[in-house]
Amino acid sequence: MPVGIVVFPGSNCDRDVRWALEGCLGIPARYLWHEDQDLSGLDAIVLPGGFSYGDYLRCGAIARFSPILQAVVGFANCGGPVLGICNGFQILTELGLLPGALTRNKDLHFICEPIALNISSNRTAWLKGRDVNDEIFLPIAHGEGRYQCADDTLHELQDNDSIAFRYVTNPNGSIDDIAGITNPTGNVLGLMPHPERACDPILGGIDGQLILSALLG
Amino acid sequence: MPRFQAQVLVNLRPSVLDPAGEAAKSAANSLGIEGIQNLRIGKVVNLEIEAPEEAEALRRLELLSDRLLANPVIEDWTLDLNPLHTTKTA
């Protein structure tokens, strides 16, 4: 059963995700236009990176109202795996499937580089079997990736073991070095780094494979 | 239907770092303007709305501000609403 990749106007990592899934991992995938609402036959959903709706107003603020996202909320609430990468993570927070918000990087720079991450939790299916504190390398490419949330939300994330990844060296000022989080039930993962850009050995690393492989459990 | 004119100001909450504001403050220093403190950059949204009465216009715009124009996790908003007087033709 395929993975659905949502395409918004302004998405630009949708094809990379499809290549990583089909070309590198042999996982069938198909595109879902943001106006679609039918998720039948899909085992998992990816919200890819990019600049949906030109990042107008705030990153993800307009995309959040796309018809397909109501279907994605239903899919997630039924336990379906949903992965939000970069702009996809921003959309998940605007949508309320994940708490907090992604704000302008502390130093204002758009940062595009490979970066070391620590696996902070192996609670969920996304990272089951991995050792906590294992280091992996994934590329980041964002101008607004500074994760922010209220203190009580941060404590909830910590208490629920919902922080999936932390930056080894914080590039953007994210609170508690957060690079990726999961929802309490663990089926929704949002992260700023791009696993799809680290699936083909020719690109210098394949650490992204573990995350995309987990889409099918 | 009565028309109203509104202005919504959206600002980062005081606890949220505003790196763009910090950069603008630094540029103000480069320009030789001294004494600038707490420079914070927000957004202004101007709009017009038709509604049966002012209270209803207010209700709709509060919803709009809270759900779309601002993200309450990181932003505060204020709203200014005024009747729009249009010239009536005979």
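Mentor: Begin with buried area, which is the accessible area, taken with a 1.4 Å probe, that two parts lose on being put together, summed over both. Please keep in mind that this is a predicted model.

Trainee: How much area is buried between chain B and chain A?

Mentor: The value is about 1200 Å², and carbon and sulfur atoms give 63% of that area. On the side of chain B, P19(B), R67(B) and L68(B) supply 37% of what this chain buries against chain A, more than any other three residues.

Trainee: How many residues does the contact take from each chain?

Mentor: Chain B gives 14 residues and chain A gives 15 residues.

Trainee: Which side chains meet in a salt bridge?

Mentor: The count between the two chains is one salt bridge. The side chain of E75(B) meets that of R58(A), at 3.6 Å from N to O. As for polar contact, six residue pairs are counted between chain B and chain A, with both residues at pLDDT 80 or more.

Trainee: Which elements of chain B give two or more residues to the side that touches chain A?

Mentor: They are α1 (19-30) and α2 (54-69). By class, that side of chain B has ten nonpolar, one polar and three charged residues.

Trainee: Why does T103(A) count as buried?

Mentor: A residue is called buried under 20% relative accessible area. T103(A) counts as buried because its relative accessibility is 4%. This residue is found in strand β5 (residues 101-103) of chain A. Leaving aside neighbours within four places in sequence, T103(A) is in contact with residues including G143(A), R146(A) and I74(B).

How values were computed. Residues numbered from 1 in each chain as written. Chains lettered and ligands numbered in written order. Predicted model: local features only at pLDDT ≥ 70, side-chain atom pairs only at ≥ 80, totals over all residues. Heavy atoms only, no water. Contact = heavy atoms within 4.5 Å. Salt bridge = Lys/Arg side-chain N within 4 Å of Asp/Glu carboxyl O. Polar contact = N/O pair within 3.5 Å; in protein donor to acceptor, adjacent residues only side chain to side chain. Helix = DSSP H or I, 4+ residues; strand = E, 2+ residues; numbered from the N terminus. Nonpolar A, V, L, I, M, F, W, Y, C, P; charged D, E, K, R; others polar. Buried < 20%, exposed > 50% of the residue type's maximum accessible area, 1.4 Å probe, protein only.
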